[in-house]
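Student: I would like to learn how to read a fold from its atoms. Could you walk me through this one?

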Amino acid sequence: MRRRTSLAVAVAVGAGLALSGCSAQAGPKLSVSGAFMPQPVDDMAAGFLTVENSGGSADTLTSVTSDISDDVTIHRTTNRTMREVDSFDIPADGTLDLERGGSHLMFMALKQRPKQGDKVAVELHFEKSDPITVEVPVKETTYNPQKQ
């Protein structure tokens, strides 16, 4: 009986250690960089940023909210055609790049038109991770950062 108890304890401890080791690295670990919004010229605007996932599992950008618009959507551009999508995948140990000429955020029916030098608060919502609030700087209309 004593042998079975010792074996059961060893198995339980081993399983607990294995699970705690997995959970520490398993989840997504998101950060946002390079955010900007070109100064809008009418009642809509685009937003660009990079979401980096340094965690061990993927996540998904599911929606975006902002005080400057009640209608913020996410768009994919393929072959010069822009289409609204429901979500963007963010791979484990990978990035989601929202950039000019590609995938991006769209702010429709702006409540106010931000000017160059302003910052726009944007909240990114994910399938697994907590929301991330980003202060997006408004740049000149033609701003296009060069990738390193």
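Tutor: Let us begin with a term we need throughout: helices (H or I, at least four residues) and strands (E, at least two) are DSSP runs, numbered from the N terminus. Here the protein has 1 helix and 10 strands, and along the sequence they follow the pattern α-β-β-β-β-β-β-β-β-β-β. This is a predicted model, in which local features need pLDDT of at least 70 and side-chain atom pairs count only at pLDDT 80 or more, while totals for chains, interfaces and linings use all residues. Residues are numbered from 1 along each chain as its sequence is written, and side-chain values use heavy atoms, with hydrogens and water left out.

Student: How do I read a pocket, and which strand gives the largest share of the lining of the second largest pocket?

Tutor: The general idea first: rolling a probe the size of a water molecule over the atoms shows where empty space is left. On a 1 Å grid over the protein atoms alone, a pocket is an open set of points where a 1.4 Å probe fits, with protein on both sides within 12 Å along at least five of seven lines; lining residues have an atom within 4 Å of a point. Grid points are joined across faces, edges and corners, and a volume is the space filled by probe spheres set on the points. In this model, the second largest pocket holds about 150 Å³ of space. Strand β2 (residues 45-53) supplies the largest share of its lining, 3 residues. Among the lining residues are P38, Q39, P40, F48, R100, M106 and T141.

Student: And how do I read burial? What percentage of the residues count as buried?

Tutor: Buried means under 20% relative accessible area, exposed over 50%, and partly exposed in between (1.4 Å probe, protein chains only). Of the 148 residues, 34% count as buried. The areas come from the Shrake-Rupley method with a 1.4 Å probe, and for residues only the protein chains shown count as cover. The protein exposes about 9300 Å², of which carbon and sulfur atoms supply 50%.

Student: Which residues have the most contacts inside the largest nonpolar core?

Tutor: In soluble globular proteins, nonpolar side chains tend to be buried together. A nonpolar core is a set of buried Ala, Val, Leu, Ile, Met, Phe, Trp, Tyr and Cys residues joined through side-chain atoms within 4.5 Å. The largest one here has 27 residues, and L61, F107 and L124 have the most contacts inside it. Contact means heavy atoms within 4.5 Å. Setting aside residues up to four places away in sequence, L124 touches V32, L49, V51, L61, S63, V64, P131, I132 and V134.

Student: Let us follow V64, then. Is V64 buried or exposed?

Tutor: V64 counts as buried because its relative accessibility is 5%. V64 sits in strand β3, and its contacts beyond four places in sequence include V72, I74, L105 and L124. V64 and M106 are 42 residues apart in sequence, yet their C-alpha atoms are 9.4 Å apart in space. Across the protein, 71% of contacts between residues at least 6 apart in sequence join residues at least 24 apart.

Student: Where is S66, and what lies 2.8 Å from a polar atom of its side chain?

Tutor: S66 is in strand β3 (residues 59-66). S66 counts as buried because its relative accessibility is 10%. A polar atom of the S66 side chain lies 2.8 Å from the backbone oxygen of A121. Beyond four places in sequence, S66 touches V72, F107, V120, A121 and V122.

Student: Which side chain does D97 join through a polar contact?

Tutor: A polar contact is a pair of N or O atoms within 3.5 Å; within protein, one must be able to donate a hydrogen and the other to accept it, and residues adjacent in sequence count only if both atoms are side-chain atoms. The side chains of D97 and T50 are joined by one of 3.0 Å. D97 lies in strand β7 and counts as partly exposed because its relative accessibility is 31%.

Student: What about backbone angles: what is phi of R80?

Tutor: Phi of R80 is near 65°, a positive value in a residue other than glycine. R80 is in the loop between β4 (71-78) and β5 (81-85), and R80 is exposed because its relative accessible area is 87%. D93 also has a positive phi, about 50°, although it is not a glycine. D93 is found in the loop between β6 (88-90) and β7 (94-98).
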